[in-house]
Amino acid sequence: MELKRVVVTGLGAITPIGNDVDTTWNNALNGVSGAAPITHFDASKFKTQFACEVKGFNAADHFDRKKLRQLDLYAQYALVAAEQAVKDADLENENINKNRVGVIIAAGIGGLHTFEEEAGYYAMHEDMGPKYNPFFIPKMIADIASGHVSMQYGYHGPNYGVVSACASSTNALIDAFNLIRLGKADAIVTGGAEAAVYPAGVGGFNSMHALSTRNDSPETASRPFSKSRDGFVIGEGSAVLVLEELEHAKARGAKIYAEVVGGGMSADAYHLTATHPEGLGAKLVMQNALEDAGMKPEDIDYINVHGTSTPVGDLSEVKAIKEVFGDHAYKVNISSTKSMTGHLLGATGALEALFCVKAVQNDIVPPTINHDPEDQDEEIDYNLNFTFDKAQKRTVNTALSNTFGFGGHNATVILKKYVD
């Protein structure tokens, strides 16, 4: 069977550094940090009191009161990002066969705030017996964003959510890619959304010592590849891409941002939360993605790393890159955009794939910010080009994006310039 080619025809984003794609991208190029003191709740008694929150988002600008009763914040973000992507791709066109359009929106956690609110309410009213909001379950479940998007636009194609922790939305992209190239759909609205900056989210990650506690300087807390890195900065938001079969896109005159050419998956099979210290799973997933794309390591120009700013995670990924790419590892640009956006958990893969699309489109690599040349980790090879501090212009024909999740889930996607 001849596999079909798959391209990106629409983009949408609501992130800690911008509530649309252009603002997010421009702020990434300019090294803007999205970290600031938490506003969603009183975090004064928490070990970590800052996060990368979405800013200036007013749900009433997008949804009426009746609709809002059905939507956890993560689903609100998904719907807004999907609206941008669908509009960008002109996928509401009356000539679109909606039976052939699918939706796959991922979440690593889902409606955590809704769950926390409802559990708290019951605890406060035990004497009255169970008293739950009828929307509790459909607001909380991690697949519901896909359902809302499909209902919004009447898309009847493949529809589900993906959950693989912080690899979730990369897995969603890979699923969409595979379904389209197998001929199961003409287009799929895909990506991820997350909104876990609430007591349970921050407190839970704090208890694992996973988050940075640099409360005196939130904007510099995410510092991938620096010796003083002390954990990730939790973020929130959504990124959505429209993937489409090439001939279908050409027939309707859609603009094409880039081509999706490969996806890889693997498991560390090692630890509940930690990455394999030698980068075993990271090595396998990059090799699998390259094989799927029919590419060699030398074909990659830019790697958007998982790069969470954790002591073990950053080091293991660097080891894997050096092993997979050999001498070419010193010729590619590497950057961690999490240094600016924070870690969007289940949405992070889609956002970083979007950054790869923009890098390919514009021949520029966004930076890794917050690195002090005096803050060197003796275990990291700084002859690699981590794109510290400033965006770098270079030809980016092909970009690779890594994501790794709790449970040892690894997913990698490769995007390249579209050539007819």
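Val8 has Ala258 as its bridge partner in strand E8. This is a predicted model, in which local features need pLDDT of at least 70 and side-chain atom pairs count only at pLDDT 80 or more, while totals for chains, interfaces and linings use all residues. Residues are numbered from 1 along each chain as its sequence is written, and side-chain values use heavy atoms, with hydrogens and water left out. Helices (H or I, at least four residues) and strands (E, at least two) are DSSP runs, numbered from the N terminus.

Strands of a sheet pair through backbone hydrogen bonds, either parallel or antiparallel. Here two strands count as paired if DSSP finds at least two bridges between them. Strand E1 (residues 6-14) and E8 run antiparallel and are joined by 3 bridges. E1 also pairs with strand E7 (residues 237-245), in the antiparallel sense, over 8 bridges; in that pairing, Ile14 stands opposite Ser238 of E7. E8 in turn pairs with E14 over 8 bridges, again antiparallel, and Glu259 has Lys416 in E14 as its bridge partner.

These pairings belong to an open sheet of 10 strands with mixed pairing, in the order E5-E4-E6-E7-E1-E8-E14-E13-E9-E10. Strands E5 (159-160) and E10 (333-335) stand at the edges with a single partner strand each, so one side of each has no neighbour in the sheet. Strand E8 (residues 258-267) is mostly covered, with 8 of its 10 residues buried. Buried means under 20% relative accessible area, exposed over 50%, and partly exposed in between (1.4 Å probe, protein chains only).

Next come the helices. Helix H10 (residues 280-293) lies across E8, E13 and E14, at about 140° to E8. H11 packs on the sheet too, touching strand E9 (302-304), E10 and E13, and its direction makes about 140° with that of E13. Contact means heavy atoms within 4.5 Å. Axes are lines fitted to C-alpha atoms, for helices over the stretch in contact, and angles run from 0 to 180 degrees between N-to-C directions.

Helix H7 (residues 168-181) and helix H13 (residues 348-362) pack at about 65°, with their axes 5 Å apart. Ser169, Thr170 and Leu173 of H7 meet Thr348, Gly349, Ala350 and Ala353 of H13. These contact residues divide into 3 nonpolar, 4 polar and no charged. Ala, Val, Leu, Ile, Met, Phe, Trp, Tyr, Cys and Pro count as nonpolar, Asp, Glu, Lys and Arg as charged, and the others, Gly among them, as polar.

Helix H13 also holds Lys358. Lys358 counts as buried because its relative accessibility is 8%. Leaving out residues up to four places away in sequence, Lys358 touches Leu11, Val21, Asp22, Trp25 and Asp363.

Helix H6 (residues 144-153) has 8 of its 10 residues buried, so H6 is largely enclosed by the rest of the structure. Among the elements that cover its buried residues are helix H3 (73-89), strand E4 (101-106) and strand E6 (187-194). Just after H6, Gly154 takes a positive phi of about 75°.

Finally, there is the largest pocket, with a volume of about 500 Å³. Of the 30 residues that line this pocket, Thr273, Ala274, Thr308, Thr310 and Phe406 are the closest to its centre. On a 1 Å grid over the protein atoms alone, a pocket is an open set of points with protein on both sides within 12 Å along at least five of seven lines, and lining residues have an atom within 4 Å of a point. Grid points are joined across faces, edges and corners, and a volume is the space filled by probe spheres set on the points. H11 supplies the largest share of the lining, 6 residues.

Methods:
On a 1 Å grid over the protein atoms alone, a cavity is a set of points where a 1.4 Å probe fits but cannot get out, and a pocket is an open set with protein on both sides within 12 Å along at least five of seven lines; lining residues have an atom within 4 Å of a point.
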